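This briefing covers selected local features of one protein model.

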Amino acid sequence: MRIIIWILIIVSSVVVYLFIINIEQAQGQIIVKKRPILNIEMESLNSITYLNELRYATGLQRFINLDILEKSAQNHANYLIVNNISSHYEKLEKDKYTGDTVGDRAKYSGYKASYVSENLSTGSRNYKESIDGLFSAIYHRFGFLDFKIDTIGIGIAQNLDDRTKTAFVYNMGISSINKFCNQKSFKGRADYIQGLCFDKSFKIKEKTYNEAVIIDQLLNGKIAIYPYANQIDVPPAFFLEIPDPLPNHDVSGFPISISFDEDQFNALELQSFRLYDSKNKEVTNTILYDHDSDINHYFKKYEFALFPLERLNWDSEYSVEVKYLLDGNQKKKNWHFHTRKFNEKLHTVTLENNRFNVKRGVSNIFYFKPTSPHDLIGDIIFPTSVNIELIDRNTIRFTTFSDSPDEVKLDIDEHHILIKIEN
């Protein structure tokens, strides 16, 4: 038999990621199937490409890669792997130390502007799992969808002795401010701004700064929504973020968000935020977070998120309607998105529905629909004649082989599943 072992990697800034180690007993030995070695160069290239696809689809300008921020991010990724930890902070006494905070590390790498932010994940299998996980985590989603940032550096590292230990670090900044901070300090008599550079005495002419801000605003949209309009392949669930916006839920639905650039509006009042399923029935078991109701007090003034408290369905269309009063004018925004679809047949498992037929050599998806906010898959026991891959903590991919028996039993927590394999 095989046993899937669940290992939790705590991401101090982000999500709790899980992964699996398939352990197969053969001739008295235990064989561990290792993860592949990451192609760091390709992962980095794919990361910025994917992030820019998401940013552009929401109406924001694409990121520009900055070598200095890449160096800063890579230094921190190396630190996390060498010290086997997950944190935004570094300690002087540990190996690969380059600065306590992301600002310190950016300054160490040669970055001049004092505004720099960071997202990170550890334990992710690849760039897409990392970024999708961060976008499911609402605080870190808003970090990527910040209206002001436009530059990024991405650092990726992997422990080759234990390939499950990976670090993806994203350092982000504002190109116009960093450009100003790399020039000479303003010495004229006109109004100026201080405090935007690590050198606090550095002065930027206020008129020049305001002109740069206007240009940045023209390049960006005024509103960012996620999932974006007509997006497909949206994960249906949210599991955990640190800090946790839903501490009483281990699993819930994927959060829907809308944010407004507060520098471009004088007054905004959200009037309603509604989610509808494919039958146009409103999803009412939700909680709405804004600047005032966010329990961790991370939301900015014009950031809003609707959390479905139950998972969304796989392969389903959802629609969103937001009504708001903007600078005295009544506004409404509607859009649609579609949750992830599998090429394989999807089976829903319950305590009553636990017998299934599958075709030999064909993969099938088994979804264990949660019965409570804490209902997650635990250990899975299965024979060596089949293979199981984790999709998320309620869903697995089941694959048979040519020599699989005609009948297979799976023990997954309280579920005892009988699968008949047909030729």
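A residue is called buried when its relative accessible area is under 20%, exposed when that value is over 50%, and partly exposed in between. Because the relative accessibility of serine 293 is 32%, this residue counts as partly exposed. The model is predicted, and the mean pLDDT of the protein is 90.

**Confidence**

- A pLDDT of 70 or more is reached by 92% of the residues.

**Helix 1 and helix 4**

- Two packed helices are described by the angle between their axes and the distance between the axes.
- Helix 1 spans residues 40-58 and helix 4 spans residues 127-136; the two pack at an angle of about 35°, and their axes are 9 Å apart.
- The crossing of helix 1 past helix 4 is right-handed.
- Helix 1 contributes Glu43, Asn46, Ser47, Tyr50, Leu51 and Leu54 to the contact, where they meet Tyr127, Lys128, Ile131, Asp132 and Phe135 of helix 4.
- By residue class, this contact of helix 1 with helix 4 comprises six nonpolar, two polar and three charged residues.

- Helix 4 is mostly covered, with nine of its 10 residues buried.
- Among these buried residues are Tyr127, Glu129, Ile131, Asp132 and Phe135.
- The N-terminal end of helix 4 is capped by asparagine 126, which places a side-chain oxygen 3.1 Å from the backbone nitrogen of lysine 128.

**Glutamate 118**

- Strand 5, residues 116-122, contains glutamate 118.
- Glutamate 118 has a relative accessible area of 10% and is therefore buried, the limit being under 20%.
- Its side chain makes polar contacts with the side chains of two residues: arginine 105 at 3.1 Å and asparagine 171 at 2.9 Å.
- Apart from neighbours within four places in sequence, the residues in contact with glutamate 118 include His76, His88, Val102, Val169, Tyr170 and Met172.

**Serine 293**

- Serine 293 is located in the loop between strand 16 (286-289) and strand 17 (303-308).
- The side chain of serine 293 reaches the backbone oxygen of leucine 288 at 3.3 Å.
- Phenylalanine 304 is 11 residues from serine 293 along the chain, and the C-alpha atoms of the two are separated by 9.7 Å.

Note on methods:
Residues are numbered from 1 along each chain as its sequence is written. This is a predicted model: local features need pLDDT of at least 70, side-chain atom pairs count only at pLDDT 80 or more; totals for chains, interfaces and linings use all residues. Side-chain values use heavy atoms; hydrogens and water are left out. Axes are lines fitted to C-alpha atoms, for helices over the stretch in contact, and angles run from 0 to 180 degrees between N-to-C directions. Helices (H or I, at least four residues) and strands (E, at least two) are DSSP runs, numbered from the N terminus. A crossing is left-handed if the near helix is turned anticlockwise from the far one by less than a right angle, and right-handed if clockwise. Contact means heavy atoms within 4.5 Å. Ala, Val, Leu, Ile, Met, Phe, Trp, Tyr, Cys and Pro count as nonpolar, Asp, Glu, Lys and Arg as charged, and the others, Gly among them, as polar. Buried means under 20% relative accessible area, exposed over 50%, partly exposed in between (1.4 Å probe, protein chains only). A polar contact is a pair of N or O atoms within 3.5 Å; within protein, one must be able to donate a hydrogen and the other to accept it, and residues adjacent in sequence count only if both atoms are side-chain atoms. pLDDT is the predictor's confidence in each residue, from 0 to 100.
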